[in-house]
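Hi everyone, thanks for making time this morning. Let me put the structure up on the screen, and then we can walk through it together.

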Amino acid sequence: LKKFKGIKYVLGEHRLEDFRNADLILKIASVPLDSVYIREAKKHNIPVEMSASFFAKLANIPIIGVTGTRGKSTVTHLIAHILESAGKKIILGGNIRGVSNLQLLKKVKNAELAVLELDSWQLQGFGESKISPHISVFTNFMQDHFNYYKNNPEQYFIDKSYIYEFQKSGDVLILGGAMKEKIKNVKSKVVKANMKNIPKAWKIPLHGKHNLENIACALEVARFLKIKEEIV
């Protein structure tokens with residue numbers, strides 16, 4: 001950032017006054033739900049963004065979002081690999097190690113789709129922005145992150161639910177096998193991923209029933225995008 005003039009750096013601490021007169025607050029994952037600094041920003045009507053949702057708002061390309069307590073990394077990478085095998089130009093981001101989501105904006109003009117792995121923290125940003133991915137996958141929901149959510153699984157689910165909360169009628173929500181009963185009041189098309197839809201002739205190197213559930217989710221995304229089964 002040396003080439004930019006007039007930047008003031010405040011490092012190693014937070015000061016309330018910096019949250020009163022900013023144009024934008026960029027919040028990272030795991031900032032406490034009761035953060036006094038975020039509360040101060042909202043009190044002064046300052047937008048609070050997170051990198052994945054900010055990318056989704058600015059990218060102007062269809063977004064595939066994947067969440068779930070378990071399996072989201074596997075499903076995200078399966079979807080990305082399928083799309084690349086089909087010749088699609090994609091961006092892989094979200095909760096991907098070593099990836100800065102805002103840096104990905106440089107690649108948007110040469111991409112058709114973005115595939116984002118989204119944890120509950122990043123989905124807080126989607127909730128703040130009142131947006132959801134066009135194609136959403138919700139693999140499963142289990143009791144987790146008790147420290148952060150202070151033994152409140154309802155709040156954990158609320159954050160997860162932003163994966164579909166703001167979808168529209170032309171969007172799709174793909175659910176892992178056990179999720180159908182947990183999801184209500186969805187505006188988009190709902191598809192339940194079923195392991196029985198995986199062709200029996202496929203030789204699958206991923207072990208375990210849980211990975212068959214992951215594959216079933218990725219398969220439904222491919223079907224929605226009309227990708228031929230041979231490619232998948």
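I'll start with the sheet, go on to the helices, and finish with the aromatic rings.

One thing to keep in mind: this is a predicted model. So, in what order do the strands of the open sheet run? There are six strands, in the order 4-5-3-6-7-8, and the pairing is parallel. As a reminder, strands in a sheet pair through backbone hydrogen bonds, in either the parallel or the antiparallel sense. At the edges stand strand 4, residues 90–94, and strand 8. Each has a single partner strand, so one side of each has no neighbour in the sheet. On average, neighbouring strands are turned by 15 degrees against each other, direction ignored.

Now please zoom in on strand 7, residues 172–175. On one side, strand 7 pairs with strand 6, residues 135–138, in the parallel sense over four bridges. Within that pairing, Ile-135 has Val-172 as its bridge partner. Strand 7 also pairs with strand 8, residues 189–192, again in the parallel sense and over four bridges. There, Leu-175 is bridged to Lys-192. Are the faces of strand 7 covered or open? Both are covered: Val-172 and Ile-174 are buried on one side, and Leu-173 and Leu-175 are buried on the other.

Next, the helices. Helix 2, residues 51–59, lies across strand 3, strand 4 and strand 5, at about 165 degrees to strand 5. Helix 3, residues 72–85, lies across strands 3, 4, 5 and 6, and also runs at about 165 degrees to strand 5.

Then there is a helix pair to look at. Packed helices are described by the angle and the distance between their axes. For helix 4, residues 120–129, and helix 6, the axes come within 7 Å and cross at roughly 60 degrees. That crossing is left-handed. Which residues meet there? From helix 4 we have Ser-120, Leu-123 and Gln-124, and they meet Tyr-156, Asp-159 and Lys-160 of helix 6. Sorted by class, this contact has two nonpolar, two polar and two charged residues.

Last topic: the rings. How many aromatic pairs does the model have? The count is five. One of them is Phe-19 with Tyr-37, a tilted pair at 5.2 Å centre to centre, with 40 degrees between the planes. Phe-19 sits in the segment before strand 1, while Tyr-37 belongs to helix 1, residues 36–43, so the pair ties together parts 18 residues apart in sequence. Phe-19 has 11% relative accessibility and counts as buried, whereas Tyr-37, at 25%, counts as partly exposed.

Phe-141 and Tyr-156 make another pair, with centres 4.9 Å apart and planes at 35 degrees, so that one is tilted too. Phe-141 is in the loop between strand 6 and helix 5, and Tyr-156 is in helix 6, 15 residues apart. Both Phe-141 and Tyr-156 are buried. They also belong to one aromatic cluster, made up of Phe-138, Phe-141, Tyr-156 and Phe-157.

Notes
Residues numbered from 1 in each chain as written. Predicted model: local features only at pLDDT ≥ 70, side-chain atom pairs only at ≥ 80, totals over all residues. Heavy atoms only, no water. Buried < 20%, exposed > 50% of the residue type's maximum accessible area, 1.4 Å probe, protein only. Helix = DSSP H or I, 4+ residues; strand = E, 2+ residues; numbered from the N terminus. Pairing = 2+ DSSP bridges. Phe/Tyr/Trp six-rings, centres within 6.5 Å; stacked < 30°, edge-to-face > 60°. Axes fitted to C-alpha atoms, helices over the stretch in contact; angles between N-to-C directions. Contact = heavy atoms within 4.5 Å. Left-handed = near helix turned anticlockwise from the far one by under 90°. Nonpolar A, V, L, I, M, F, W, Y, C, P; charged D, E, K, R; others polar.
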